[in-house]
Amino acid sequence: MASEGMASEARHKSRTKWTEIHKAHLVKLLGEYNTPAYRSQNGWTKEAWNKMVREMITKFSNPSITAGQIKALEQELKKTYKLLKGFSELSGFGWDYERHIVSAPDDVWAPLLEVCT
């Protein structure tokens with residue numbers, strides 16, 4: 001029983017609260033390292049992840065940031081991007097560049113809201 005509590009506590013400690021500034025900086029870094037030198041067949045190389053970790057630690061003065069945390073954030077950002085991209089490609093939907101949200105007229109939202117409520 002005690003080991004379960006310790007494992008839960010360790011998982012909780014390994015989580016980082018990411019702000020929009022953190023996320024924006026990571027997106028910038030992912031773009032910078034999106035080159036053949038730092039990409040493998042399955043994604044970024046270990047060297048790229050390590051450099052991104054060092055840059056995030058330096059930028060935000062947080063020595064507890066790990067590669068695992070940054071990889072998890074990258075996966076979260078990728079899911080959000082795919083969701084927003086999917087919405088913006090639906091008929092009647094678009095992207096509001098001022099407010100940074102998916103937009104559509106009420107008559108486009110209505111059928112979706114009926115299904116979801």
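In the predicted model, Ser61 is exposed, with a relative accessible area of 63%; this value is over the 50% cut-off, which is why the residue is classed as exposed. Ser61 is situated in the loop that runs between H3 and H4. Its phi is positive, at about 50°, although Ser61 is not a glycine. A second residue with a positive phi is His100, where the angle is near 60°, again in a residue other than glycine. His100 belongs to the loop between strand S3 (94-96) and strand S4 (101-103). With a relative accessible area of 56%, His100 is likewise exposed, because that value too is over 50%.

The packing of helix H2 (residues 20-32) and helix H3 (residues 46-60) was examined next. The axes of H2 and H3 come within 11 Å and cross at roughly 145°. The crossing of H2 past H3 is right-handed. On the H2 side, the contact is made by Ile21, His22, His25, Leu26, Leu29, Leu30 and Glu32, and these meet Trp49, Met52, Glu55, Met56, Lys59 and Phe60 of H3. Sorted by class, the residues in this contact are 8 nonpolar, 2 polar and 3 charged.

The largest nonpolar core has 15 residues, of which Leu26, Tyr33, Trp44, Met52, Met56 and Ile70 touch the most other members. H2, H3 and H4 are the elements that give two or more residues to this core. H3 provides the largest share, with 5 residues. Among the residues named above, Met52 illustrates how the core is joined. When neighbours within four places in sequence are left aside, Met52 is in contact with Leu26, Leu29, Leu30, Tyr33, Trp44 and Ile70. Of these partners, Leu26, Leu29 and Leu30 are also listed in the contact of H2 with H3, as is Met52 itself.

Helix H4 comprises residues 67-89. The buried residues of H4 include Gln69, Ile70, Leu73 and Glu74. An α-helix has 3.6 residues a turn, so residues three or four places apart point the same way. Ile70, one of the buried residues of H4, is also among the core members that touch the most others, and it is a contact partner of Met52.

Notes: Residues are numbered from 1 along each chain as its sequence is written. This is a predicted model: local features need pLDDT of at least 70, side-chain atom pairs count only at pLDDT 80 or more; totals for chains, interfaces and linings use all residues. Side-chain values use heavy atoms; hydrogens and water are left out. Helices (H or I, at least four residues) and strands (E, at least two) are DSSP runs, numbered from the N terminus. The expected span of a helix is 1.5 Å times one less than its number of residues. Buried means under 20% relative accessible area, exposed over 50%, partly exposed in between (1.4 Å probe, protein chains only). Axes are lines fitted to C-alpha atoms, for helices over the stretch in contact, and angles run from 0 to 180 degrees between N-to-C directions. A crossing is left-handed if the near helix is turned anticlockwise from the far one by less than a right angle, and right-handed if clockwise. Contact means heavy atoms within 4.5 Å. Ala, Val, Leu, Ile, Met, Phe, Trp, Tyr, Cys and Pro count as nonpolar, Asp, Glu, Lys and Arg as charged, and the others, Gly among them, as polar. A nonpolar core is a set of buried Ala, Val, Leu, Ile, Met, Phe, Trp, Tyr and Cys residues joined through side-chain atoms within 4.5 Å.
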